[in-house]
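Hi,

Here is the structure I said I would pass on to you. Have a look at it first, and my notes follow below.

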Amino acid sequence: MTRGYDTLTGLPNRALYLDVLSRVMERAKRRQRYTYAVLFLDLDRFKIVNDSLGHLAGDELLVEISKRLRACIRTADFVARLGGDEFTLLVEDVMDPSDAVRVARRVHQALTQPVHVAGRDVFITVSVGIALGDAAYQVPEEILRDADTAMYEAKKRRNAHQVFDAQMHAHALNTLHLEAKLRLAAEKQAFEVHYQPIVSLASGELLGFEALARWSHEGRNISPAEFIPLAEETGLILQIDRCVLAKSVEQLALWRKAFPQRHGLELSVNVSKRHLAQADFLEHVLHVLAQAGLPPQCLCLELTESALLENTEQASRVLAEVRGQQMKVAMDDFGTGYSSLSYLHRLPFTALKIDRSFVQPLGAGGTTEIVRAVLTLTKSLGLDTTAEGVETLAQAKHLLELGCGRAQGFYFSRPVPAEAAQGWLGKTAPFAQVL
């Protein structure tokens with residue numbers, strides 16, 4: 001292969017693509033009605049193919065994908081492999097966004113048939129970001145960046161393709177600014193921990209707290225829905241997890257000393273997939289507990305299905321070690337993943353949390369069958385069950401009638417700072433009056 005071509009697929013590489021794109025941009029500046037578009041393609045869940053079938057199978061897949069991409073474009077168009085599982089198309093004579101969208105649809109159609117690799121059929125999908133060329137672009141990297149941004153938006157929205165617009169650019173700039181501030185906050189451990197009570201539906205007794213990260217910056221409370229996904233994407237979630245673990249365990253130790261009758265209080269802490277993958281994960285958790293003088297039995301680690309999906313074998317091994325130390329393990333947001341039931345059988349969970357989306361319809365004429373089925377299942381498996389997102393008395397009563405023992409949600413309390421949470425510790429059943 002010559003220098004400007006990818007050695008695996010034979011497609012032009014990034015350097016050659018940028019060179020061709022630069023010439024197209026110059027042509028567009030000279031000709032008033034000359035138009036073009038850049039399509040950024042990323043294969044969905046390609047890592048799973050590599051991890052399950054091996055890198056040779058992954059290479060076979062990339063070679064076949066490159067052949068199909070060549071076959072579905074016009075002679076005047078240009079396709080290249082940027083690296084990994086990322087490809088890009090340069091499409092000329094684009095009169096409006098619909099022309100570029102039609103090309104994206106041809107790409108999707110070309111990939112509908114499975115690819116036969118490593119003795120089996122593999123179905124692959126692709127996310128496509130589209131950026132339309134205009135005079136505002138000065139260098140090729142700018143329009144490629146915007147097509148990349150649109151591709152990530154397509155992934156986030158689970159759309160097959162997405163056309164870039166100015167709002168995405170503003171969002172990208174805001175995310176970049178937020179990431180810089182988040183990195184600084186992570187370095188300084190500038191996160192507060194708020195505590196949401198977990199309540200016995202039968203008695204109103206306080207059973208424990210879920211510890212949740214909260215972040216204030218420049219006088220504004222940043223929503224966890226805004227900074228937690230960014231922290232997951234950038235890897236900063238590891239520092240946040242460790243900060244929340246250390247602060248909440250220390251707080252629980254103080255509460256146990258001040259309220260001896262609360263020695264059975266349980267602390268639930270969320271664990272990300274990045275934290276779970278750390279070689280010293282269990283060692284670190286045990287060290288934090290030992291420093292605070294707390295037994296492992298007081299801690300419950302909560303994991304979402306996404307934390308388990310990428311490497312179930314490793315998760316199973318680590319969680320078995322966690323259970324060997326008498327810590328509890330809960331599956332959070334149960335029912336939102338397609339294979340949650342299989343995880344319940346394969347991994348050593350002690351508890352399950354019913355997602356709020358199943359709790360909301362209760363008490364308002366909504367169906368109860370899913371919650372009833374989940375409670376029957378968890379009872380047969382000997383698991384504790386907590387319903388999340390309880391917002392009304394009707395929901396709480398309905399859950400109790402169905403046999404759910406524990407709940408948390410805004411009906412009882414929003415997550416609150418430690419000082420406010422402490423007010424419940426001196427009472428035997430602080431939530432009995434609302435049940």
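R23 is partly exposed, with a relative accessible area of 46%. Here "buried" means under 20% relative accessible area, "exposed" over 50%, and "partly exposed" in between, using a 1.4 Å probe and protein chains only. Before you go further: this is a predicted model, so local features need pLDDT of at least 70 and side-chain atom pairs count only at pLDDT 80 or more, while totals for chains, interfaces and linings use all residues. Residues are numbered from 1 along each chain as its sequence is written, and side-chain values use heavy atoms, with hydrogens and water left out.

Back to R23, which makes a salt bridge with D19, the closest N and O atoms being 2.6 Å apart. By salt bridge I mean a side-chain nitrogen of Lys or Arg within 4 Å of a carboxyl oxygen of Asp or Glu. The two sit 4 residues apart in helix α1 (residues 14-30), so about one helical turn separates them. D19 is partly exposed too, at 37% relative accessibility. Helices (H or I, at least four residues) and strands (E, at least two) are DSSP runs numbered from the N terminus.

That pair is one of 22 salt bridges in the structure. Another joins D44 to K155, with the closest N and O atoms 2.5 Å apart. Here distant parts of the chain are linked: D44 is in the loop between β1 (36-43) and α2 (46-53), K155 is in helix α5 (residues 140-157), and they are 111 residues apart. D44 is buried at 18% relative accessible area, whereas K155 is partly exposed at 27%.

Then there is K353, whose side chain meets that of E210 in a salt bridge (3.1 Å, N to O). K353 belongs to strand β14 and E210 to strand β9 (residues 206-217), so the pair ties together parts that are 143 residues apart in sequence. Both K353 and E210 are buried. Salt bridges with shared partners join E210, E302, K353 and E388 into one network.

So what lines the largest cavity? K353 and E302 turn up again there, along with I198, E266, S268, C300, A330, A351, L352, T386 and R406. Two or more of the lining residues come from each of β11 (266-270), β12 (299-303) and β14 (351-354), and β14 gives the largest share, 3 residues. By class, that lining has 5 nonpolar, 2 polar and 4 charged residues. (Nonpolar covers Ala, Val, Leu, Ile, Met, Phe, Trp, Tyr, Cys and Pro; charged covers Asp, Glu, Lys and Arg; the others, Gly among them, are polar.) A cavity is a set of points on a 1 Å grid over the protein atoms alone where a 1.4 Å probe fits but cannot get out, and lining residues have an atom within 4 Å of a point.

The structure holds 2 cavities of 30 Å³ or more.

Now the strands. β8 (residues 192-200) is mostly covered, with 8 of its 9 residues buried. It runs antiparallel to β9, joined by 8 bridges; two strands count as paired if DSSP finds at least two bridges between them. E210, from the network above, is the bridge partner of Q196. In the hairpin of β8 and β9, which has 5 residues between the strands, G204 takes a positive phi near 80°. β8 also pairs with strand β16 (residues 406-407), again antiparallel, over 2 bridges, and V199 stands opposite A407 there.

Elsewhere, an open sheet of 5 strands has the order β2-β3-β1-β6-β7, with mixed pairing. Its edge strands are β2 (78-83) and β7 (161-163), each pairing on one side only. Strand β6 (residues 126-132) and β7 pair in the parallel sense over 3 bridges, with I130 opposite V163.

For the overall picture, the protein has 17 helices and 16 strands. Buried residues make up 49% of its 435 residues, and the C-alpha atoms fill a box of roughly 80 × 50 × 50 Å along the principal axes.

Cheers

Technical notes:
1 Å grid on protein atoms, 1.4 Å probe; cavity = no way out; pocket = protein on both sides within 12 Å on 5 of 7 lines; lining within 4 Å. Points joined across faces, edges and corners; volume = space filled by probe spheres on them.
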